[in-house]
Amino acid sequence: MIMKKNEIKRINLGGSNSYLIKGSDGYILVDTGIKGAGKKLVSELKILNAKPENIRLIILTHDHYDHTQGLMEVKQITGAPVAIHEAENALPNQEQSLKVNESSFLFRMIVKVFGSITPKQELNDIIADIKIYNEMDLNEYGVDAKLYHVPGHSPGSVCLITADNQCVIGDTLFNMFPGTHYPIIVYNRKILADTYKRLSILNPAVYYPGHGKPITMEMFQKRVMNRSKYFKTGGQ
Ligand SMILES: [Zn+2]
Ligand SMILES: [Zn+2]
């Protein structure tokens, strides 16, 4: 299998979705899965006829362990520089954000139950080669796309939007539970609501989430933008 230019492939490095994006000259990898990601990456790349050294940049959508635990293995194999948002790289910020969860009551309960049976979130002290601030153009890494700051799930979440209007969104949108795309962890509802309004203006045709299958523009409008409860402050 050979990827086409601008094609986005979901690859499984464990724990969450990672995405490989093909540019005119090499690839960008978004998110690095959990422990054991290195082995998985090698076999996934073989299937796609891609060489590890042709991955020119690793982007972390945010610093939750299910997206970053595999980073050191992946970095070793690819030798690519790592980009993460400046707010996400600051451990005090992240620690603070994990103390609150402003998601829906049901999701807060789910996270609580799972939190008590799974290991505690270990915050990775990620050494960023590149810090992302507001926006970042990815053309110098061979891919016609841009990064945007989309806080709400975490303080320094970012998404990638290609020139042909596809969006790798990280955990800002979920696709794990029927009929909803709201994240199960939200550090600030109001900030997340503002992020959704900005996304709605950018209006990507499709979102590739950190968990689950792609979400279309119509699904986003119907299940996020049309639900006033996500845009109210206070209460649920
Ligand atoms: Zn997350
Ligand atoms: Zn996640």
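I began at the end of a helix: just after H3, Gly79 takes a positive phi of about 70°. The model is predicted, and I read every value below as computed from it.

**Entry 1. The sheet that H3 sits on**

I looked up H3 next. Helix H3 covers residues 71-78 and packs on a sheet, touching E3, strand E4 (55-59) and strand E5 (82-85). The direction of H3 makes about 165° with that of E4.

I then traced the sheet. It is open, has six strands, and runs in the order E1-E2-E3-E4-E5-E6. The pairing is mixed. Which strands are at the edges? They are E1 (8-12) and E6 (130-132), and each pairs on one side only.

**Entry 2. E3 and its two partners**

I took E3 as my reference strand. On one side I found E2. Strand E2 (residues 17-22) and strand E3 (residues 27-30) pair in the antiparallel sense over four bridges. I picked out two of the residue pairs. Tyr19 stands opposite Val30 in E3. Lys22 has Tyr27 of E3 as its bridge partner.

E3 and E4 run parallel, joined by four bridges. Tyr27 turns up again here: its bridge partner in E4 is Ile55.

Are the faces of E3 covered or open? Both are covered. Tyr27 and Leu29 are buried on one side, Ile28 and Val30 on the other.

**Entry 3. The buried side of H3**

I listed the buried residues of H3. They are Leu71, Glu73, Val74 and Thr78. I wanted to know where they sit around the helix. They cover an arc of only 165° around the axis, so they lie on the same side of H3.

What do these residues pack against? I found E3, helix H1 (37-47), E4, helix H2 (65-68) and E5.

**Entry 4. H1 against H3**

I checked the helix pair separately. H1 and H3 pack at an angle of about 45°, with their axes 8 Å apart. The two helices are therefore oblique to each other. H1 brings Ala37, Gly38, Leu41 and Val42 to the contact. H3 brings Glu73, Val74, Gln76 and Ile77. I see that Glu73 and Val74 are in this contact and are also listed among the buried residues of H3.

**Entry 5. The segment before E1**

I went back to the start of the chain. Lys4 lies in the segment before E1. Is Lys4 buried or exposed? Lys4 is exposed, because its count is 6 other C-beta atoms within 10 Å, and 12 or fewer counts as exposed. I also looked up a distance. The C-alpha atoms of Lys4 and Ile21 are separated by 9.3 Å, and the two residues are 17 apart along the chain.

Asn6 is found in the segment before E1 too. Asn6 has a positive phi of about 70° although it is not a glycine. I flagged this since most residues other than glycine have a negative phi. Asn6 is partly exposed, with 16 other C-beta atoms within 10 Å.

**Entry 6. The other sheet**

I moved along to a further open sheet. It has six strands in the order E7-E8-E9-E10-E11-E12, with mixed pairing. Strand E7 (135-137) and strand E12 (215-216) each have a single partner strand, so one side of each is left without a neighbour in the sheet.

I looked into one pairing. Strand E10 (residues 166-170) and strand E11 (residues 206-209) pair in the parallel sense over four bridges. Within it, Val168 stands opposite Tyr208 in E11.

Phi of Asn165 is near 70°, a positive value in a residue other than glycine. Asn165 is exposed, with 12 other C-beta atoms within 10 Å. That count still qualifies, because 12 or fewer is the cut-off for exposed.

Conventions:
Residues numbered from 1 in each chain as written. Chains lettered and ligands numbered in written order. Predicted model: local features only at pLDDT ≥ 70, side-chain atom pairs only at ≥ 80, totals over all residues. Pairing = 2+ DSSP bridges. Contact = placed C-beta atoms within 7 Å. Axes fitted to C-alpha atoms, helices over the stretch in contact; angles between N-to-C directions. Buried ≥ 20, exposed ≤ 12 C-beta atoms within 10 Å, placed from the backbone. Arc of directions from axis to C-beta. Parallel < 35°, antiparallel > 145°, perpendicular 65-115°, else oblique.
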